[in-house]
Amino acid sequence: MKNNDVSIIGAGLIGSLLGIYLQKKGLNVSLYEKRPDLRDKKNATEGRSINMALSDRGWKALDKIGLREKVAPFAIPMYGRRIHDEHGETSFLPYGKENQAIYSISRGKFNHLLVDEAEKEGVKLNFEYFCEEIDISKTTMNFSLPNGEKLEKQSDVIIGADGAYSSLRDAMQKQTRLNYKQEYISHGYKELTIPPTAEGEFAMDPNALHIWPRGMFMLIALPNPDKSFTCTLFLPFDGAKVCFDKINDKSDVESVFRTFFDDAFLLMPNLVQEFFDNPTSSLINVECFPWLMNKSLLIGDACHAMVPFFGQGMNCGFEDCYILDGLIEKYGTTSWELVFEKFQKVRKPDTDAISQMARDNFIEMRDSVSNPKFIIRKRIEAKLHELHPKEWIPLYTMVTFSDMKYSDAYAQGQLQNEVMDKVMSDPLIMQNWHEVNYEDIISQIETAKMV
Ligand SMILES: Cc1cc2nc3c(=O)[nH]c(=O)nc-3n(C[C@H](O)[C@H](O)[C@H](O)COP(=O)(O)OP(=O)(O)OC[C@H]3O[C@@H](n4cnc5c(N)ncnc54)[C@H](O)[C@@H]3O)c2cc1C
């Protein structure tokens, strides 16, 4: 059939999932990935497991192609944030209603599973194919192979799922008036581990996302099926009292952890070694437009890499696949340009909104969650949602436990914020919060929505 050869560059989470979706549509999909096959044991990243929070939008995209049952055994539910203060005391802040959870899953295992499924579906897998150049007008790609060989491949359609440093986006920048903005934030991150206890058990509550918020920086931990936790330390690179630049030896590491994360420190026997063995990575936000040129399209991080503080980058990329699939169902593949146009039009306002919310949420995670006033604010919002589930939906719930458009969630969240700012400005709110007039708050939000 004409128009049916699809090449996807990048076999990360989004490229692999998209490959399955498109092959199931009867298209002829080839995946090109610069890294070696991650299913090959010798290529697994030694001792390091990065994990992700999978939430409703991600599950919905998996459901559509029947993958929920295959993924679920690898996913651990986290029902809320467990906040660790500087004295080792913890408190629990639920994410939503009872049984609403986000799920911790190892990125490596998840990617492995999706690549396996893509292969079973009939997707042609090409590992160690580094895409160097793309001619968009001819839809040709030039790859270099590990032995130095150069190969040219032609395809009806090219989709760039090759992440924040996309080669397709580079090619588009040279050939069209593509606007592009990238921003590194001041903080970087490092992965560390809390191993299982000597008895082989989880060292902390496994059904929570643990946070040590410390104002300008924080540590988080997500559970793994092997009963360890993967921790991520977010610190400024430089210019602050506590920053990566000022941690240079064993005693610096121990001093920072003893001072700020003492309860975690006691659970991290390999801390110093891991701190110096594991890389310090940067965090980037990428925005660009347009996302298409002729029969080439960007998807996932390639067009909207975001900071990880709302746990939505992958979920949003999965939602991209779901939406693109729906548009192919509606418009067919005789005009890819039309499908791609519709895709970027519907998606761009939503990815802009979630990128902004991800940046905003950094302040909430590293700072506000430890503020008693913030905790009361969240309790009032939870009660409002319980009493008026349709009229008041907390922002976190709209983003994480629903599939409403990110841009609608953002707009509604802004209105709710204004109303809650007024409620919280009462100087006696900390004493009187049990007596707030919920009906009055609802009528305020209803009025705000009409204006
Ligand atoms: C610390 C951290 C924590 C995160 N936590 C979460 C979370 O909890 N929940 C969530 O939803 N999201 C999270 N994210 C975001 C998530 O990781 C990304 O949004 C997601 O991985 C994007 O997938 P992708 O397939 O678009 O890009 P990538 O994962 O970057 O994959 C791109 C693939 O393309 C390949 N490639 C690149 N260039 C070429 C080339 N020239 N030729 C061939 N192949 C190429 C790469 O090797 C790679 O395999 C987090 C991100 C970070 C940094």
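**Reading residues, domains and a pocket**

Modeller: Leaving aside neighbours within four places in sequence, Thr 232 is in contact (heavy atoms within 4.5 Å) with Tyr 189, Lys 190, Glu 191, Met 218, Leu 219 and Ile 220. This is a predicted model, in which local features need pLDDT of at least 70 and side-chain atom pairs pLDDT 80 or more, while totals for chains, interfaces and linings use all residues. Residues are numbered from 1 along each chain as its sequence is written, and side-chain values use heavy atoms, without hydrogens or water.

Biologist: Which side chain makes a polar contact with that of Thr 232?

Modeller: A polar contact is a pair of N or O atoms within 3.5 Å; within protein, one must be able to donate a hydrogen and the other to accept it, and residues adjacent in sequence count only if both atoms are side-chain atoms. Here the partner is the side chain of Glu 191, at 3.5 Å. Thr 232 belongs to strand S16 (residues 229-236); strands (E, at least two residues) and helices (H or I, at least four) are DSSP runs numbered from the N terminus.

Biologist: Is Thr 232 buried or exposed?

Modeller: Buried means under 20% relative accessible area, exposed over 50%, and partly exposed in between (1.4 Å probe, protein chains only). Thr 232 has 8% relative accessibility and therefore counts as buried. Val 286, in strand S17 (residues 281-289), is buried at 0%. Its C-alpha atom lies 5.3 Å from that of His 304, 18 residues apart along the chain.

Biologist: What does the domain assignment give?

Modeller: Bounds come from an automatic or database assignment. It gives domain 1 (5-51 + 106-182 + 283-361) and domain 2 (371-450). The contact between them takes 14 residues from domain 1 and nine residues from domain 2.

Biologist: Where does the second largest pocket lie?

Modeller: A pocket is an open set of points on a 1 Å grid over the protein atoms alone, where a 1.4 Å probe fits, with protein on both sides within 12 Å along at least five of seven lines; lining residues have an atom within 4 Å of a point. Domain 1 and domain 2 both give residues to the lining of the second largest pocket, so this pocket lies between them. Its lining has 33 residues, with Glu 364, Lys 378, Glu 381, Pro 394 and Tyr 396 nearest the centre. Helix H12 gives the largest share of that lining, nine residues.
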